[in-house]
Amino acid sequence: GFVVWAWHWLLQLRRGDRQTTMWRAYVFLFGTLLGVALAIIPAAVMLYLVLEWFVGTPGEDTAAAHFSGSPGAFATFVVGLANWAYHRAVLVEAGDAHARTGPERVYRYLLSAAGLVTTAVGMAVLISLAADGLSGYHADLVEAPGWWRNQLCAGVTLIVVGLPLWARYWRDTQQALAASVEERRASSRRVYVFGIVGVDRKSTRLNSSHG
């Protein structure tokens, strides 16, 4: 895999096709985005394992057995971080680190959407647990004692991972609106707003006009 990648990217495409749309699509969507995913997912897994061991109900009796998957997760995290750092360095070298191109917008909106969905699921888990507690529902009759602990760990993990991710990239896209009309008209933004919120700007304006 490394030989194929190095032959095509390092020797032919890294400088030869710089600043083209396909070049940006590769760097943002297959390089930087992949690196972020490879870093965040194992980080979330390791965080959940820690919370489950100290707060939740572990499925294993010993720490060695419980954390047996941590070395692989940590290795994936390091690879993802290195992949992200390398492609960010390529963008900086090309003077394209802050460009508002189509692939860059897709990259930011995808990460923002992933963070928002992850945060929403985590909040739903915590709200469900809170509702069970306030209603006096005794799940111990049908569930094992401490059944709620692992759900609490899962909800906290999802929020801790998703909220900073959503806030980071959504804030950047919002700041770009003031400086660029093209950003507001971008198809990737419209898809994001329609997919996440369910109401795009045009339909909202239409509904208000029909009052």
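What separates aspartate 172 and arginine 168 in helix H6? They are four residues apart in that helix (residues 147–179), and therefore about one helical turn lies between them.

## Basis of the model

The model is predicted: local features need pLDDT of at least 70, side-chain atom pairs count only at pLDDT 80 or more, and totals for chains, interfaces and linings use all residues. Residues are numbered from 1 along each chain as its sequence is written, and side-chain values use heavy atoms, without hydrogens and water.

## Helices H1 and H2

Helices are DSSP runs (H or I, at least four residues), numbered from the N terminus. Two packed helices are described by the angle between their axes and the distance between the axes. The axes of H1 (residues 2–16) and H2 (residues 21–54) come within 13 Å and cross at roughly 135°. Axes here are lines fitted to C-alpha atoms over the stretch in contact, with angles from 0 to 180 degrees between N-to-C directions. H1 and H2 are therefore oblique to each other; angles under 35 degrees count as roughly parallel, over 145 as roughly antiparallel, 65 to 115 as roughly perpendicular, and the rest as oblique.

H1 contributes Trp5, Trp9, Leu13 and Arg14 to the contact, and H2 contributes Trp23, Tyr26 and Val27. Contact means heavy atoms within 4.5 Å. By class, six of these residues are nonpolar, none is polar and one is charged. Nonpolar covers Ala, Val, Leu, Ile, Met, Phe, Trp, Tyr, Cys and Pro; charged covers Asp, Glu, Lys and Arg; the others, Gly among them, are polar.

## Salt bridges

Side chains of opposite charge can pair when their charged atoms come close. A salt bridge is a side-chain nitrogen of Lys or Arg within 4 Å of a carboxyl oxygen of Asp or Glu, and by this rule the count is five. In one of them, glutamate 93 pairs with arginine 14, with the closest N and O atoms 2.6 Å apart. This pair links distant parts of the chain, since glutamate 93 is in helix H4 (residues 70–93) and arginine 14 in H1, 79 residues apart. Glutamate 93 is partly exposed at 36% relative accessible area, whereas arginine 14 is buried at 17%. Buried means under 20%, exposed over 50%, and partly exposed in between (1.4 Å probe, protein chains only).

Aspartate 172 and arginine 168 also form a salt bridge, at 1.9 Å from N to O. Aspartate 172 is buried at 12%, and arginine 168 is partly exposed at 38%. Salt bridges with shared partners join Glu104, Arg108, Arg168 and Asp172 into one network.

Terms used:
Helices (H or I, at least four residues) and strands (E, at least two) are DSSP runs, numbered from the N terminus.
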